[in-house]
Amino acid sequence: SMAVNYNKLWRLLTDKNMKKIEMQYKTGISGNILARMGKNEYVSMQTVEKICRELNCTIDEMMEFTDDKV
């Protein structure tokens with residue numbers, strides 16, 4: 001089965017010198033959603049869109065699907 005990870009997003013934030021909490025504030029996502037992402041859990045497409053719009057990135061630049069056996 002597949003899993004998701006947001007390592008690309010965390011690197012992108014580092015590149016932009018932006019903290020996770022700052023991204024949360026700017027995108028209007030909840031702390032709960034941010035916590036889910038921290039655990040590499042699925043979030044809604046709406047959340048993904050908000051982040052992509054705010055950071056001016058594509059889905060491919062913020063997340064990737066991985067084999068969960070890794």
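## Methionine 23 and its contacts

In this predicted model, methionine 23 touches Leu9, Leu13, Met18, Ile29, Leu34, Ile51 and Leu55, leaving aside residues up to four places away in sequence. Met23 also belongs to the largest nonpolar core, which comprises 19 residues. Tyr6, Leu9, Met23, Met37, Ile51, Leu55 and Met62 are the members that touch the most other members of this core. Two or more core residues come from each of helix 1 (7-15), helix 3 (31-38) and helix 4 (45-55).

## Packing of helix 2 against helix 4

Helix 2 (residues 20-27) packs with helix 4 at an angle of about 100°, and their axes lie 10 Å apart. The two helices, helix 2 and helix 4, are therefore roughly perpendicular to each other, since angles of 65 to 115 degrees are classed in this way.

From helix 2, the residues Met23, Lys26 and Thr27 meet Lys50, Ile51, Glu54 and Leu55 of helix 4. By residue type, this contact of helix 2 with helix 4 consists of three nonpolar, one polar and three charged residues.

## Glutamate 49 in helix 4

Glutamate 49 is located in helix 4. Its relative accessible area is 39%, so glutamate 49 is partly exposed; this class lies between the limits of 20% for buried and 50% for exposed.

The side chain of glutamate 49 forms a polar contact with the side chain of arginine 53, at 2.7 Å. Glutamate 49 and isoleucine 59 are separated by 10 residues in sequence, and their C-alpha atoms are 7.9 Å apart in space.

Note on methods
Residues are numbered from 1 along each chain as its sequence is written. This is a predicted model: local features need pLDDT of at least 70, side-chain atom pairs count only at pLDDT 80 or more; totals for chains, interfaces and linings use all residues. Side-chain values use heavy atoms; hydrogens and water are left out. A nonpolar core is a set of buried Ala, Val, Leu, Ile, Met, Phe, Trp, Tyr and Cys residues joined through side-chain atoms within 4.5 Å. Buried means under 20% relative accessible area, exposed over 50%, partly exposed in between (1.4 Å probe, protein chains only). Helices (H or I, at least four residues) and strands (E, at least two) are DSSP runs, numbered from the N terminus. Contact means heavy atoms within 4.5 Å. Axes are lines fitted to C-alpha atoms, for helices over the stretch in contact, and angles run from 0 to 180 degrees between N-to-C directions. Angles under 35 degrees count as roughly parallel, over 145 as roughly antiparallel, 65 to 115 as roughly perpendicular and the rest as oblique. Ala, Val, Leu, Ile, Met, Phe, Trp, Tyr, Cys and Pro count as nonpolar, Asp, Glu, Lys and Arg as charged, and the others, Gly among them, as polar. A polar contact is a pair of N or O atoms within 3.5 Å; within protein, one must be able to donate a hydrogen and the other to accept it, and residues adjacent in sequence count only if both atoms are side-chain atoms.
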